[in-house]
Amino acid sequence: MASTFSLLPEKHFLCSLCRKIFTNPVTIPCGHSFCLSCLSHFWSKHPSRYCPHCKRLFAERPNLSINHVLADVSEKYRKIKPPNVLVEEETLVYDVEQMVQERLQKIERLKNSLEKQKSSYLREVRESQKTFSALVSAMEMSHKAVVTAIEDRQREEEKRVEKLIKELEQEIQELSNDANEDGPTPEANDEPSDETEQVTVTVTQTPLSPPELKDWSKVTVEADPCIGVTRRALSEMVEKIKAEVNRLSKSELKRIEKYTVDISLSAKTAHPALSVSDDRKHVRHSDKLQEVSENPKRFDRVANILAKEHFSFGRYYWEVEVGEKIEWSLGVVRQSINRKGKFTVCPANGFWTLSLKVTGQYLANSSPVTHLALDHRPKRVGVFLDYTEGRVSFYSAESGAHIYTFTDNFTDRLHPFFSPGRLHGGKNATPLTLSSSFCSI
C-alpha cells in the first residue's frame with residue numbers, strides 16, 4: 001500500500017483551501033474535493049455557490065456528503081506519510097505558482113473581455129446614431145410635409161374665397177342693373193289738403209326673381225381648418241417609431257438568448273392546489289387539493305410556485321409556454337417573500353410579475369398597476385433578468401416584441417415565479433410549461 005501511495009503526488013490528498021491532508025472530504029458535482037469544514041466556511045463567506053477551484057457556478061448549494069472512500073485513503077496516507085518538509089515546501093511553491101498563473105490568466109481574460117466590451121459599446125453607439133438619425137430625418141420630413149400640406153390648403157382656400165367674392169360681386173352687379181331697369185321709385189305725395197279730393201292709387205309691383213342666383217346661406221369659410229393635422233402626422237410618426245422599436249426588440253432578444261438557463265419547478269413551494277409534473281417542467285391548477293407535507297417555503301393561500309433555482313448576480317433568460325390559457329402570472333420574486341396568508345403582488349413586496357387576467361387584460365403588477373395594450377396574445381413569454389442592472393423584462397418569444405420592463409434595486413436572491421391561474425370551468429386547464437427549446441425570430 002505504501003508503494004502505491006508513493007506513486008501518487010501529494011497534491012491528490014490535499015485540500016486546496018487549507019493545503020492540508022483531507023479531513024472529512026466532500027466531493028462536489030464538478031469533481032473537486034475539499035474538507036467539509038473548509039468548504040462550508042468558504043461558502044459562508046460568499047453569497048454565490050461556486051467551486052473554489054474551477055469556479056463552476058451551481059444554481060443551488062450542493063448537498064455535502066462525506067466521500068468515505070477518499071476519507072479512508074487520505075487517513076491511510078496521513079499515517080504512512082513520512083515527515084518531509086521539503087516536499088511540503090515544494091508542493092506549496094507549486095501551488096503558489098499555480099495560483100499566480102491562474103491570476104495572470106484571469107487578467108488576460110479580463111483584458112479580452114474589456115476589448116469585446118469596447119466593441120460592443122462602439123457597435124451600440126453606431127446603431128443608436130443610425131437609428132436616431134433616421135428617426136430625426138423622418139420627423140423632419142414629416143414636419144415639412146405637414147407645413148407643405150397646410151400651406152397648400154391655405155392657398156386653395158384663398159383661391160376659393162377669391163372666386164366666391166367675384167361671384168358675389170357679379171351677382172351684386174346683376175341685381176343693381178335689374179333695379180335700374182325697373183325705373184325710379186315713385187316719391188310719396190304730400191299730405192292732401194282739405195280742399196283737394198283724396199284719391200287712393202294702388203300700385204302693384206312684380207317681385208324680382210333673377211334667374212339662377214346662388215343660395216349663399218350655406219357657403220362658409222371655416223375659421224379653424226387645421227384641427228388634428230399635426231396630431232395625425234405625429235400619430236403616423238409614432239407608428240413608425242413603434243415599428244423601429246419592434247425591430248430593435250427582435251435584435252435585442254436574439255442577443256439575450258445567450259443567457260438562457262435551464263430551470264425547474266420546486267414542488268416544495270407549490271400551493272396544494274397545483275399539480276407539478278415529474279420532470280418539474282409543467283404546472284397546472286388541479287380540481288382538488290394535493291396531499292403535501294407542511295413546509296415553510298410552500299404557498300398556502302394563493303396558487304403559486306417558484307423555480308428551484310435562485311439568482312443573486314448576472315443575467316438569465318428563460319421562456320414559458322402559456323399557449324391559449326386565459327389566466328396566468330409570471331416573473332421573479334424575492335426569496336424572502338411572504339408565502340403564507342394574503343399579500344399584495346407588487347415590487348415593494350418583492351414581486352416583479354406580468355399577468356393575464358380572465359378578462360383578457362394584460363397587467364404589469366407595478367404600483368399602481370400598469371395596463372398593457374398588446375398587438376397580439378403571446379403564446380410563449382420570455383423573461384430576462386439582469387440582476388446587476390436591476391431589470392426584469394418580458395418579451396413575446398414568437399415575435400420578439402418587448403412587453404414590459406421593471407427597474408429596481410435587487411439585494412435579495414431572486415426566484416423565477418409562476419402561477420397557472422384558476423381552472424375557470426376547465427377553460428384554463430392547460431399547464432404552464434417551462435420551455436427547453438426556443439423560438440427562432
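User: Which residues do ring pairs link into a cluster?
Analyst: This is a predicted model, in which local features need pLDDT of at least 70, side-chain atom pairs count only at pLDDT 80 or more, and totals for chains, interfaces and linings use all residues. Residues are numbered from 1 along each chain as its sequence is written, and side-chain values use heavy atoms, with hydrogens and water left out. Rings of Phe, Tyr and Trp (its six-membered ring) pair if their centres lie within 6.5 Å; planes under 30 degrees apart count as stacked, over 60 as edge-to-face and the rest as tilted. Ring pairs of this kind join Phe299, Phe343, Phe351 and Phe417.

User: Are Phe13 and Tyr77 buried or exposed?
Analyst: Buried means under 20% relative accessible area, exposed over 50%, and partly exposed in between (1.4 Å probe, protein chains only). On that scale, Phe13 and Tyr77 are both buried.

User: How is the pair of Phe299 and Phe343 classed?
Analyst: The ring centres of Phe299 and Phe343 are 6.4 Å apart. Their planes meet at 50°, so the pair is tilted.

User: Where does Phe343 lie?
Analyst: The pair links distant parts of the chain, 44 residues apart. Phe299 is in the loop between strand 4 (282-285) and strand 5 (305-306), whereas Phe343 is in the loop between strand 7 (328-334) and strand 8 (351-356).

User: Which buried residues does helix 2 have, and which residues are exposed on its other side?
Analyst: The buried residues of helix 2 (residues 36-44) are Cys38, Leu39, Phe42 and Trp43. They cover an arc of only 125° around the axis (taken from the directions from the helix axis to the C-beta atoms), which puts them on the same side of helix 2. The exposed residues on the other side are Ser37, His41 and Ser44.

User: Which element gives the most to the lining of the largest pocket?
Analyst: On a 1 Å grid over the protein atoms alone, a pocket is an open set of points with protein on both sides within 12 Å along at least five of seven lines, and lining residues have an atom within 4 Å of a point. The largest pocket is lined by 30 residues, of which Ser120, Glu124, Glu252, Arg255 and Arg315 lie nearest its centre. Helix 4 (85-181), helix 5 (229-256), strand 11 (380-386) and strand 12 (391-396) each supply at least two lining residues. The greatest contribution, with 11 residues, comes from helix 4.

User: Is Arg280 buried, partly exposed or exposed?
Analyst: Arg280 has a positive phi of about 60° although it is not a glycine. Arg280 sits in the loop between strand 3 (274-276) and strand 4. With a relative accessibility of 31%, Arg280 counts as partly exposed.

Methods:
Helices (H or I, at least four residues) and strands (E, at least two) are DSSP runs, numbered from the N terminus. On a 1 Å grid over the protein atoms alone, a cavity is a set of points where a 1.4 Å probe fits but cannot get out, and a pocket is an open set with protein on both sides within 12 Å along at least five of seven lines; lining residues have an atom within 4 Å of a point.
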